[in-house]
Amino acid sequence: MSLYHFGENRTEKRLTMQKNKTPIGYKTMNRRNFLQLSSVLALESILFGSSVHASSLSSDASAFHLVIIGGGIGGATAAKYMRLLNSEVKITVIEPNKEYMFCPGSNEILPGWATVKDQTVTYTTLKNRYKVNFIHTKAEHVNYRKKQVSLENDTVLSYDKLIVSPGVSFDYGAIEGYSRELAEKSFPSAWKLDAQTLLLKKQILSLPKGGRVIISVPKSPYRCPPAPYERATFIVHMLKESNPTAKVTILDANDDFVFDNVYPYYWEKHFNFGKKNASLERVAAKDGGTIVKLNAAKKVLINSEGKEFKGDVLNIIAPEKAARFAFDNDLTEGDWCPVNYKDFSSTKHKDVYVIGDAIISDPMPKTGYVAANQARVVVQAINDELHGKQIGTPFIVNDCIAMVEQDFGMTLSEIFRYNGENKPLKARDYIPGVDKQKFQQKMLGSLAEDWQKTFRQSIFS
Ligand SMILES: Cc1cc2nc3c(=O)[nH]c(=O)nc-3n(C[C@H](O)[C@H](O)[C@H](O)COP(=O)(O)OP(=O)(O)OC[C@H]3O[C@@H](n4cnc5c(N)ncnc54)[C@H](O)[C@@H]3O)c2cc1C
């Protein structure tokens, strides 16, 4: 990836792009040369420690202003990588929370292989080292005509470009009888790292002898496709010693799933999967796995044919759609946000880009890795446009990892290429078969662990 562009002949184009505003660095040759030099110095100082130049330049009131809504994986990556590309722009992230709970790896909190603390990251490095401004409140309304965002704390911010990465909202009401209140108190969804994750852990640890945990999986698309199967596997491990007659049942609104070449292999070997005394069973959509109703009083889930499944712990992963902000601000079509895949600009509003779980992404899965790579494509496109360069044709990589136990991991790689206007991206994937050699399983296990740490650092450090 190129980090900074000094293309020829770009001043005029930039000036036409910025009708009423002359952003810093676009005035005269001398000033531009000075700024080019200071950009390089600033970039170097960002990369190698101090960040004096970025600090002074990015606080300039006339600087090009990139506003980012959402400081999750997509938004935080966009902020950091925009700064690496360009030390002059002012970058502001609107994010209500002061810390971010990192979901990749969060299933490991259940068996105790990771703690909430391990999964918590702060914005300190982005603020101090990369000179990103954070406003810890919610964004409420965008005035696209005036290019302004109103915040919950009554501030109004002007932007030159707006990146929106607000994640998903949970459609608890799509399952009759289920609600956010029930998810928080009794039947956790636990599909972002919060108190529901800890409630689920507590419930599993106090499961009655021979009890049953049910995980209901919504129809795709939902965030992190392999995570329900990873979670189910971890829960069986948790119960193996203390409650060996307990069962985990996956009620699945899908027939196929990612890594369905590996999980069943492991389950058959270790959990008697497919036999009468299995400690883990799965009901696929074609066999009635789609849940439509909850009878909370009886702890029963009911499928579309009226069949009942009783459990002691119900982990109902609620169906998802784009975050509320996207609906309130006319960024959606159906449940998700439409974008142009060349640069992830919204098809609905100019100078607005939407990335991450909130977009219509198929064939890209909704993963953090994909969100981060979409963020890199967007900031490169914005920076290219700023410098009068033609934007390139992107390709997005997804590196997916999952575990069955600490010493057995799996990975897959997918590439999504731009396929022309109004067309979905073209996918090519590489899904390795099951590694039956112990040392290879172990190697993939430690690769998966390292991947999570490296990925986290690539955004927040
Ligand atoms: C159990 C689990 C395991 C996972 N494991 C993996 C994995 O191994 N690998 C992987 O790649 N992905 C994994 N994921 C998926 C990954 O977490 C998501 O795909 C990723 O977080 C999407 O990034 P995002 O920026 O779209 O949304 P998020 O990271 O959810 O960020 C959205 C942010 O927007 C903020 N926001 C929302 N509304 C507003 C508003 N109005 N104003 C301001 N801010 C707002 C939120 O507070 C939030 O911080 C996992 C997910 C789960 C649930």
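Colleague: Where is F259 in this chain?
Modeller: In this predicted model, F259 sits in the loop between β12 (247-252) and α9 (263-271).

Colleague: What is the phi of F259?
Modeller: The phi of F259 is near 65°, which is a positive value in a residue other than glycine.

Colleague: Is F259 buried or exposed?
Modeller: F259 counts as buried, because it has 23 C-beta neighbours inside 10 Å, and the cut-off for burial is 20 or more.

Colleague: A change of topic, to the ligand. How many residues surround it, and which are the closest?
Modeller: The ligand is surrounded by 37 residues, and G70, G72, G74, G167 and G356 are the closest.

Colleague: How do the residues of that shell divide into nonpolar, polar and charged?
Modeller: The shell around the ligand holds 18 nonpolar residues, 13 polar ones and six charged ones.

Colleague: Which helices supply at least two residues of the shell?
Modeller: Both α4 (73-85) and α11 (368-386) do so, each with at least two residues.

Colleague: Why does the ligand lie between the two domains?
Modeller: Residues of the shell come from both domain 1 (11-167 + 323-391) and domain 2 (173-321), so the ligand lies between them.

Colleague: Now the open sheet of four strands. In what order do they stand?
Modeller: The order is β13-β12-β11-β17, and the pairing is parallel. The edges are taken by β13 (280-283) and β17 (313-316); each has a single partner strand, so one side of each is left without a neighbour in the sheet. On average, neighbouring strands of this sheet are turned by 15° against each other, direction ignored.

Colleague: How many bridges join β11 to β17?
Modeller: Strand β11 (residues 212-217) is joined to β17 by four bridges. Within this pair, S216 stands opposite I316 in β17.

Colleague: Finally, the whole chain. How many helices and strands are there, and what share of residues is buried?
Modeller: The protein chain has twelve helices and 24 strands. Of its 461 residues, 44% count as buried.

Definitions and conventions
Residues are numbered from 1 along each chain as its sequence is written. This is a predicted model: local features need pLDDT of at least 70, side-chain atom pairs count only at pLDDT 80 or more; totals for chains, interfaces and linings use all residues. A residue is near a molecule or strand if its C-beta atom, placed from the backbone, lies within 6 Å of it. Ala, Val, Leu, Ile, Met, Phe, Trp, Tyr, Cys and Pro count as nonpolar, Asp, Glu, Lys and Arg as charged, and the others, Gly among them, as polar. Domain bounds come from an automatic or database domain assignment. Two strands pair if DSSP finds at least two bridges between them. Axes are lines fitted to C-alpha atoms, for helices over the stretch in contact, and angles run from 0 to 180 degrees between N-to-C directions. A residue is buried if 20 or more other C-beta atoms lie within 10 Å of its own, exposed if 12 or fewer, and partly exposed in between; C-beta atoms are placed from the backbone.
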